[in-house]
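The model is a predicted one.

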Amino acid sequence: MPFNLDNALLKSFIAISETRNFTEAANAVGRSQSALSLHIKKLEDTIDCKLFSRSSRSVLLTQQGELFLGYARKIVALQWEAYIKL
């Protein structure tokens with residue numbers, strides 16, 4: 001099923017994956033923590049897959065999240081490469 005992956009959603013996902021912390025990730029991408037939470041919910045709803053396992057003390061990638069992270073990084077890198085080449 002085709003779907004639209006918003007670049008901002010991917011960047012939020014990557015930031016959370018790298019920092020393992022919503023607050024730090026929000027600071028890194030210049031958005032509020034609540035905005036990042038909404039981004040992740042929208043992304044998970046879009047791809048119909050849970051990407052993070054959350055607890056009060058940690059944020060960990062699920063197995064599907066680990067797999068998706070590689071694709072997200074490639075998509076963002078290709079977008080950046082296309083922008084630079086044009």
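Helices α1 and α4 cross in a left-handed sense. The axes of α1, residues 7-19, and α4, residues 63-85, come within 10 Å and cross at roughly 125°. The pair is therefore oblique.

On the α1 side the contact is made by Asn-7, Leu-10, Lys-11, Phe-13, Ile-14, Ser-17 and Glu-18. An α-helix has 3.6 residues a turn, so residues three or four places apart point the same way. From α4 the contact takes Gly-65, Phe-68, Leu-69, Ala-72, Arg-73, Ile-75, Val-76 and Gln-79. By class, the residues that join α1 to α4 divide into eight nonpolar, four polar and three charged.

Helix α1 itself has 13 residues and reaches 18 Å from its first C-alpha to its last, close to the 18 Å expected at 1.5 Å a residue. Its buried residues are Ala-8, Leu-9, Leu-10, Ser-12, Phe-13, Ile-14, Ala-15, Ile-16 and Ser-17. Leu-10, Phe-13, Ile-14 and Ser-17 of α1 also belong to the contact with α4. The cover over the buried residues of α1 includes α4 along with helices α2 (22-29) and α3 (33-47) and strands β1 (52-54) and β2 (59-61).

Within α3 lies His-39. Is this residue buried or exposed? His-39 is buried, because its relative accessible area is 14%, under the 20% cut-off. Apart from neighbours within four places in sequence, His-39 is in contact with Ala-8, Leu-9, Ser-12 and Arg-31. Of these, Ala-8, Leu-9 and Ser-12 are among the buried residues of α1.

Terms used
Residues numbered from 1 in each chain as written. Predicted model: local features only at pLDDT ≥ 70, side-chain atom pairs only at ≥ 80, totals over all residues. Heavy atoms only, no water. Axes fitted to C-alpha atoms, helices over the stretch in contact; angles between N-to-C directions. Helix = DSSP H or I, 4+ residues; strand = E, 2+ residues; numbered from the N terminus. Parallel < 35°, antiparallel > 145°, perpendicular 65-115°, else oblique. Left-handed = near helix turned anticlockwise from the far one by under 90°. Contact = heavy atoms within 4.5 Å. Nonpolar A, V, L, I, M, F, W, Y, C, P; charged D, E, K, R; others polar. Expected span 1.5 Å × (residues − 1). Buried < 20%, exposed > 50% of the residue type's maximum accessible area, 1.4 Å probe, protein only.
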